[in-house]
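Subject: Structure for you to look at

Hello,

Here is the structure I promised to pass on. Please open it and keep it in view while you read my notes.

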2 protein chains.
Amino acid sequence: MNNYRLVVSYDGTRYKGWQRLSDEDMTIQGKIEDVLSKFLGTEMKIVGSSRTDAGVHAHRQIANFTTEEDKTVDEVAHYLNTYLPEDIRIKKVDKVDENFHARFNAVEKEYVYKIYNTRVMDPFQRKYAMHIIKELEVDSMRYAADEFLGEHDFTSFTNAKSKKKSMVREIKSIDIKENGPLIEIKIIGNGFLHNMVRKIVGTLIEVGQGKKLPVDVPKIFEAKDSKMAGVTAQAQGLFLNKIKF
Amino acid sequence: MNNYRLVVSYDGTRYKGWQRLSDEDMTIQGKIEDVLSKFLGTEMKIVGSSRTDAGVHAHRQIANFTTEEDKTVDEVAHYLNTYLPEDIRIKKVDKVDENFHARFNAVEKEYVYKIYNTRVMDPFQRKYAMHIIKELEVDSMRYAADEFLGEHDFTSFTNAKSKKKSMVREIKSIDIKENGPLIEIKIIGNGFLHNMVRKIVGTLIEVGQGKKLPVDVPKIFEAKDSKMAGVTAQAQGLFLNKIKF
């Protein structure tokens, strides 16, 4: 059995997210599986590290698939990049250990959220950042970001319905970088619940707008109620950056 | 008479260029004139500094228009940004001297051409850079770039048909910056003939590919024949960056 790992980069604008839904829905997993199935002559399934939502982008999503066929990594990369649309690119293909699993073996994920904080939006950022007109207080956002570090129960920062699974996750770092009007929030953690990055960012934005204070964050954790958190920040500003195994 | 100067930023992907052609064609000038005409209740014309081609982008194109109406700069900016599509943004509006003319008063223009030099294209660069797979010899390109500096007859570097007007232009600087796979060629000059930047870049690319040598550039100038120059580089990599008056 051969196990192939793919590094996938995509502009999520046109897609309903990573995860295959019906055959008609535009999804990144669906597109790759369709091309791969033609290549290998049998219905293929791939596993992605992260189920990015509709409109979310990725620089280095990781996926893997297994097959009895013995293709070179160049053959796999070339076929996929020839038949996939231009907004999905396979940056790298490697043969990996038979036991490698893109989802179960991921131990750390890095996301970046981009905000364009200026009166008039830059047309080149319109699909790749959230536009906020009023100047954000970035230092307050940094204080609030520190409140997220470490292990917490993130029930208040997810739209996930299931109460069965653990809501505890560990945030390893949140860095907020300013470059002119562009604010980049880099979040590294051991795993993320559904919408968790976007609800953390939404909360940080409300702190930057003065609607919430950094000291409100511990109270939101305690409440275990997603209505207490900030809004879910727009999908278009979110990029899956990299994944560690 | 009021004279308004606009700083215009646009993603040129969807457009047939700056200059208004017929009423049906998608042009940036046409879009702005249509919205401005509705705003002021009469058919308006605007003048742009540079007639960028189909698919070419602009960070800071400059335009101006005159009117008897006395609107505040905020009113003009707000109306235009409300009714223009998101890929055209008015970054700034100023009232300027009655004699200011965006085309005739321009004394220096800066363009940037972006090349993404790597095996697999980045999906986020697909509309904003030219993809070249084979590694370019950037140092050779820099030697060739030096051959363009100063005043020359650019007949070999334009597709312009007219032989009436002067083909002499002055290139003030060409800087080539590398940032990972991204190569940015910044060209500053007192003015540019039709397709001149893209033919200079096309020639530099052929030098980078070893198809031409830096010493070929003076021979191309002498030949006064556009077939001697390199190909016209793709529109999507070109950005009008700024204009001096």
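Below is what was found, topic by topic.

Please keep in mind that this is a predicted model.

**How the two chains are related**

Start with the whole assembly.

**Where they meet**

Chain A gives 23 residues to the contact, and chain B gives 23 residues. Of the interface residues of chain A, 100% are also interface residues in chain B, so the copies meet through the same surface. About 1800 Å² is buried between chain A and chain B. Carbon and sulfur atoms give 60% of that area.

Three strands of chain A each give two or more residues to the side that touches chain B: strand 1 (2-10), strand 3 (57-67) and strand 4 (88-96). A salt bridge joins A:Lys91 to B:Asp122, with the closest N and O atoms 3.7 Å apart. There are also two residue pairs in polar contact across the interface.

**Salt bridges within the chains**

Side chains of opposite charge can pair when their charged atoms come close. Over all chains, the count is 38 salt bridges. Here are some to find on screen.

- A:Asp94 and A:Arg5 meet at 3.1 Å, N to O. A:Asp94 sits in strand 4 of chain A and A:Arg5 in strand 1 of chain A, so this pair ties together parts 89 residues apart in sequence. A:Arg5 is partly exposed, at 25% relative accessibility.
- B:Arg14 and B:Asp87 meet at 2.6 Å, N to O. B:Arg14 is in the loop between strand 1 (2-10) and helix 1 (28-40) of chain B, while B:Asp87 is in the loop between helix 2 (73-83) and strand 4 (88-96) of chain B, so parts 73 residues apart in sequence are tied together. B:Arg14 is partly exposed at 47%, whereas B:Asp87 is buried at 3%.
- B:Glu108 and B:Lys172 form a salt bridge, with the closest N and O atoms 3.2 Å apart. This pair links distant parts of the chain, 64 residues apart: B:Glu108 is in strand 5 (residues 108-117) and B:Lys172 in strand 8 (residues 168-179) of chain B. B:Glu108 counts as buried, at 16% relative accessibility. B:Lys172 is partly exposed, at 38%.

One set goes beyond a pair. A network of salt bridges links A:Arg20, A:Asp23, A:Glu33, A:Asp34 and A:Lys45.

**Helix 5**

Now turn to helix 5 (residues 216-223) of chain A. Which residues are buried there? They are A:Val217, A:Ile220 and A:Phe221. These residues cover an arc of only 100° around the axis, which puts them on the same side of helix 5 of chain A. What covers them includes helix 3 (138-146), strand 7 (150-153) and helix 4 (196-208) of chain A.

Then switch to chain B. B:Val217 is in helix 5 of chain B. Is B:Val217 buried or exposed? B:Val217 has a relative accessible area of 1%, so it counts as buried; the cut-off for buried is under 20%. Leaving out residues up to four places away in sequence, B:Val217 touches B:Ala144, B:Glu147 and B:Phe148. B:Gly230 is 13 residues from B:Val217 in sequence, and their C-alpha atoms are 10.0 Å apart.

Finally, check the backbone at two places in chain A. A:Lys224 is in the loop between helix 5 and strand 10 (238-244) of chain A. A:Lys224 is partly exposed, with a relative accessible area of 49%.

A:Asn195 is not a glycine, yet its phi is positive, at about 70°. A:Asn195 lies in the loop between strand 9 (182-189) and helix 4 of chain A. A:Asn195 is buried, with a relative accessible area of 12%.

Best wishes

Technical notes. Residues are numbered from 1 along each chain as its sequence is written. Chains are lettered from A and ligands numbered from 1 in the order in which they are written. This is a predicted model: local features need pLDDT of at least 70, side-chain atom pairs count only at pLDDT 80 or more; totals for chains, interfaces and linings use all residues. Side-chain values use heavy atoms; hydrogens and water are left out. Contact means heavy atoms within 4.5 Å. Buried means under 20% relative accessible area, exposed over 50%, partly exposed in between (1.4 Å probe, protein chains only). Helices (H or I, at least four residues) and strands (E, at least two) are DSSP runs, numbered from the N terminus. The arc is that of the directions from the helix axis to the C-beta atoms. Buried area is the accessible area (1.4 Å probe) that two parts lose on being put together, summed over both. A salt bridge is a side-chain nitrogen of Lys or Arg within 4 Å of a carboxyl oxygen of Asp or Glu. A polar contact is a pair of N or O atoms within 3.5 Å; within protein, one must be able to donate a hydrogen and the other to accept it, and residues adjacent in sequence count only if both atoms are side-chain atoms.
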